[in-house]
Every structure is written in C-alpha cells, then in structure tokens.
Amino acid sequence: MIRDITLGQYYPGDSWFHRLDARIKIIWTFIYIVSLFLIRDFWGYITVLITLGLIIGISKVPLSFILKGLKPIFFIIIFTFVINMFMTKGTSLIEIGFLTITKEGIRNAFFMGTRLVLLIIGSSLLTLITKPIQLTDGIEKLLSPLQKFGLPSHELAMMMTIALRFIPTLMEETDKIMKAQMARGADFESGNIMRRAKSLIPLLVPLFISAFRIAQDLAMAMEARCYRGGSHRTRMHGMKMKKRDAAAILLMILYVTLIITQAQGILSFLMMSLIQSA
Amino acid sequence: MRNTKYLLQAAVIAAAYSALTIVLMPFSYGIMQVRVSEALTILPYYTPAAIPGLFVGCLVSNMISPYGILDMVLGSGATLIAAVGSYLLRKKSFLVPLPPVIANGIVIGSMLYYAYAVPMPLFACILWVALGELIACYGIGYPLLQYLKKYKKIFELH
Amino acid sequence: MQIQVKNLNHIYSEGMPYESVSLKDVSFEIEKGEFVGVIGHTGSGKSTLIQHLNGLLKPKSGSILIDGIDITSGEVKMSDIRRRIGLVFQYPEYQLFEETIYKDVAFGPLNLGLTQEETDRRVKTAIKLVGLDYEEIDRRSPFELSGGQKRRVAIAGVIAMEPEILILDEPTAGLDPKSHADILQMIQIIHSARNTTIIIVSHNMDDIARLTNKILVLDKGKLAMAGTPAEVFSQADYLESLGLGLPLSAYLMNELRKRRIPVSEGILNIDEAEEELYSILKTY
C-alpha cells in the first residue's frame, strides 16, 4: 500500500543528463515550458519531439515511467481533446445529432492535446532525472542571489531538505493512525464528500501532534549540535559547473533558436516549400 | 523569529502537507483536486512558521508529483500568498480558510485555462478549483482549526 | 472454536519488483476465552497476521473464520468484524484526538451506531475497567494525562466497543516497570471480566510464559510452532535459532540441564525455579 509508492519520480541512472548540474536542468525546464507556448503549429512540435526523444533516449528512462506520469491527468487530456473537437466553431465536417465536429475542432483538439502531453512529459523529466536532494540544492543556489533582497534561501532549502527526510516518516505515521482509527470503526472510504471530510479529523489531529512533537525534538537536537542557521555552513557535495554543463547551455541556445525561428514561420515555410517542390 | 524551532515547524508542516498529498493521492491529483492537505492552510492561525511551511510543502509535493514545474511555481506561489493572507486574518478564525480558496481559485483556475487549455470558460475553471478548495479548507480545515485549539501549546515557538 | 485460520497467505506489494511473502500457509485455532501469545523475530509477520484478524488486511488466499463466519469473504461488513474483534496497536496513545477523554472513548461505540445511552454506559464501564477514575477524567483533555494513563485511555477506547476478541500489539512497549506490570494486570482483568479472548504480541517471554495458555511462534511468515508455554519453551535451541529468547528462569534451567543437572522441564518462572533448585540442592 504505502510501500508501493516510490517517493518522487526519480529514475536512477548515470547518463549525461543525470549528471548535469541541477540548476541547468531547472532552467532548461522553464525554457522548455515557455517554448511550448511559443509554438503555433505542428511543425514546431518536431523540434520538441526530437529534443525529448534525445533526452529520454540518452537518459535511458523507460517509456513506461514517462507514461505513468500521464496517468493522473489522463482524463484531463481526453476531456480537453473531446471538448475542443466538439466546441470549436468553424467549417463543419461531421454532424452527429446536435453535435458538430469541425475541421478546426479536430486541429485544435490535436494541437492542444499534444501540447498538454508534451508539457507534462517535459516537466516530469526534471524530477525523473534529478534527485530531490539535488533539486533542493539547485533551487537554493539559484535563489541565493535573492538573499540580498531578504529572501532566506538557505532556510528555505533547509526546510525542503528536512521535509523530504520526514515525508516517509509522516506517511508511515498517517498509515498507522488510519489503521488504528479504522480498528475503532472509523470509515475513510464511504459517504459523500462532506462526510468523508469530517472523518479525516481523527487522522489529522493525531498526525499533527506527532509532527509537532518531532519538530520540537529535532530542533533541540540540532541546537545541541550548534546549528545556528546559515550561510556559513559548508556543504558536503559542492555544486560545480563542469564542461558538460557548458555544452548543455549551448544546446539550450540551439533549441531556443530553433523554436523561435519556427515560431516566425521559417521552419514551416521551409518544409512547405520542400514539399511543394517535391 | 527565525530560530531553529521556527525552521523545524515549517519543515514538519511541509512534510505533513506532502505526506498527506501522497497518501491520499487519488483525491489530490486529478480532476477533482480536493487536496486534503489544503486543510492545513488553517495553520497560520497557530504559527507564522506555517507561511514558509505551506509554501515549501506545496513545492515539495509538486516536486514528487507528476504535474511538474508549472504547478510547482504557480501552485506554491498561490499557497504562499494565501498563507500570508490567512496569517493576517488570524484574529477571525472563520476568515482564515478564505485566502487559500480565493488565491488557489484564481491562480490555479487561470493556469488550467491558459496553460492547460481546459476548454471551459475562465470563470468556470476558477470556480471549479475554488470549489475543491472550499471543501478542503472549510469542510476539513475549519473543524481541524477548532479541534487544535486545545493543543495550542505544541505550536509555541520558544 | 472461536477463531479458525486456514492456510493464510499474504504478499506485500504484489506485482511490484519488491514484493515479498509476508505470510505463508498459516493455520491455527483459538478457543473462546484463551489467552494467546504471538512471538516472533522482527519481520516474522506478527503485525501482518494480527491485522488480518480484524480485517484491516486481506489475504491473498486462505480463510479466517470467526465463530464460523469467514471474514475474508466479500459479504462480511467491516463494522461487524470490528465490533467483535478489537485491535490495539503499539503506542496506542498516539491515536487519541478528541477534545475530552469521554469523547475519545466514545468514538468507537459511536462509530458502531450505538445509542447515546448505550455509548454512555460503555464509556463509563471501559474507563473503569482500565483502572481510571471516570469522575475525575471524563471531561479532561487526553493530553493532560501521563503516558501510562494515556495508554489506558486508548485501550479503553477499544474495549468500549466490547469486542469478544481483543488483540494487543506490544501493550507494554516503552513503559516503566510499574506501568508495565499495571497494564498487564489490567489486561488480565479485562480477560476475566467478560471471558474475552486475548491475543498479545510481545517480545517479553516472561510475560508470555506467565499469562498465556497458548503460544504461536512465527518465523519468516510461517507458523513455526504452536503449543502451551511449557511445550514451546522446552525447545530452547530451536527458539534460539529463530532469534527468540526464553523466560529468564527457563534460560537458567536450560543452562543447568546442559551441565547434566537434572532439573525438570517446564519451569518458566522464578517461583517454580526456586522450588526446583531447592529440592535439587537437598539431594546433594
């Protein structure tokens, strides 16, 4: 049950992509997402698909993992697809009763659907090839310039690290409490939404009390070992940019260039002329 | 205000938020979006450490969820704004669950409309999310707030 | 036979790469009113087994009959099972959540759909049975009590459901010696008050030897041995190979026996040991 859920999406590996600095991967993911919204037609997706294919292929993440990420939003994808197909106004193609499928509708459905799928796959790649701890270090480093403006990036990263460490503990605690209350006849499964909501109190209150007790004990333990917050703490694994990170930056620039030229219609123009001349 | 206990309270709130999101997963991700862990948005009533705590909790649970970075940034941003709002309204317990309903409704609703292209009008997206939040924050969060009143001691920061 | 377990099998995380067999072909019987001990090394499947007995876990195969009704079949309602079989987890005080002790103990009965009057009666009885003063604590918050008292309240919460079978997982974990003895005494009182069948999981062999009339020994998911304390604890070497110990007196007797001193079998506590040694010394 609880054991079945592997924490995080991380798929272990030693590929070039796995070894990239976490900061690069985070920035890349942002660039990727923004790029998806710059694309206006299907030709642009070619660049995206090639890029994704390369990343997935080299990092050796199995396709099943990638597709697993789509499972929770499967219904949203279908929903988006269907509604776009039936609701877009334009030249009608097929009429089924009072529902009309238009040419534009089909195009939109596929376009939006593809964008959604690519969005999810691309952003889940980040967590697939980066360990949570690397992510938090990366975020901390990226945010540290903001410390000058008062952002406590070290503290935030510390909170993330400690939170990650305690999630399995609290998950187990949640499981135990749920079972103990179920043994007393509590029912977390049946009833309407309001009833189920109320039934969670016997779970949440003891969970809270446990969690805060842990907080108190750990705070004392940390202070007993002279933790005083901070920027003066050293790290066990430093974060250094390597040659491959520089190469990655160049590749990102290439990607962005391709996307922008495509967005300006250059790529589709080339493709169309190629096809027409053939 | 920034002492170790504050840090740890925030960390455990973040951990609890994520743990609940994962354990009650079928509820949390997916179309209905009744995130039980959103009930924890009442915690600013008890401790200011809940502001970074909820923010980090949202961040972390999105890190390990299949949704990805958009949710991570926007969702966490909304949670942060909401937490500050709840903290500011902490004198009136009935209003404490309100900021998350509004903030998440607007931010996540807009995200669903603009980014995920959910084909419903904008206000419908916003209302849909707000409804899920309402159930979590007022349906579960508010009673939780009342129950925890007896245990105020554990929230002390000194 | 009140409890009949037949060929129980359970697999954790079935279908996942890290699936593991947690219970393998376990079969045993328990009569009404027995006081049973379950012992086994960590990971032997004790927790898994007891969670099957009250329906929290479903087996892969096998059956569990309580008073002749198979609780593993789909038709049985969970609330009916939990009405009759109470389960007290380790550190049960961590499940307390209500505003007052009365309300927390009433949680179970109310979940069973009992009337306010009946609930009231049961709460009062349960609190008394665990040795606490109802008048004094019913309106207090459970968190004002000491650890040992909280545990009693938690146990009261389960026995207020008036189960015919009560299962306790390490009821004395983390308690000081006096509370340890008190809780065990409380369990004995519950046992005799309604002839409740008791099943205790414990690592304390002396307690088990003293209180139980039947022991189930688990090892890596299998039922390695079942019998009376005298029978089970006479297999010192086997128990040791399973990573289990003996009651202290039995250890002593075992060592003496190895040195060819003719002490009788079946000595499990200090008093018997004293008598036996005394009578042996007289012959020298």
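Let me start with a crossing: helix α7 of chain A passes helix α1 of chain B in a right-handed crossing. This is a predicted model, so please keep that in mind for everything I say.

Which residues meet in it? From α2(A) we have A:F42, A:Y45, A:V48, A:L52, A:I55 and A:S59. From α5(A) come A:F111, A:T114, A:L118, A:I121, A:G122, A:L125 and A:I129. By class that contact has 10 nonpolar residues, three polar ones and no charged ones.

Now chain B as a whole. It has six helices and zero strands, so along the sequence the pattern reads α-α-α-α-α-α. Of its 158 residues, 63% count as buried. Taking the contacts in chain B with a separation of 6 or more, 67% are between residues 24 or more positions apart.

Chain C has both kinds of element: 12 helices and 10 strands. Its radius of gyration is 20 Å, close to the 19 Å that the globule rule gives for 284 residues, so chain C is as compact as a globular protein of that length. The C-alpha atoms fill a box of roughly 70 × 50 × 35 Å along the principal axes. In chain C, 42% of the 284 residues count as buried. Of the contacts in chain C with a separation of 6 or more, 64% join residues 24 or more positions apart.

Next, where chain A touches chain C. The contact involves 17 residues of chain A and 21 residues of chain C. On the chain A side, the elements that give two or more residues are α7 and α9, the latter being residues 201-224. The largest share of that side, seven residues, comes from α7(A). By class, the chain A side divides into nine nonpolar, three polar and five charged residues.

I will finish with one residue, C:P92. It is found in the loop between β6, residues 85-88, and α3, residues 101-111, of chain C. Is C:P92 buried or exposed? A residue is buried if 20 or more other C-beta atoms lie within 10 Å of its own. C:P92 has 26 C-beta neighbours inside 10 Å, so it counts as buried.

What does C:P92 touch, leaving aside residues up to four places away in sequence? In chain C the partners are C:R151, C:A154 and C:I155, and in chain A there is A:A180. C:P92 and C:K150 are 58 residues apart in sequence, while their C-alpha atoms are 8.4 Å apart in space.

Notes:
Residues numbered from 1 in each chain as written. Chains lettered and ligands numbered in written order. Predicted model: local features only at pLDDT ≥ 70, side-chain atom pairs only at ≥ 80, totals over all residues. Helix = DSSP H or I, 4+ residues; strand = E, 2+ residues; numbered from the N terminus. Rg over C-alpha atoms; globule rule 2.2 N^0.38 Å. Buried ≥ 20, exposed ≤ 12 C-beta atoms within 10 Å, placed from the backbone. Contact = placed C-beta atoms within 7 Å. Left-handed = near helix turned anticlockwise from the far one by under 90°. Nonpolar A, V, L, I, M, F, W, Y, C, P; charged D, E, K, R; others polar.
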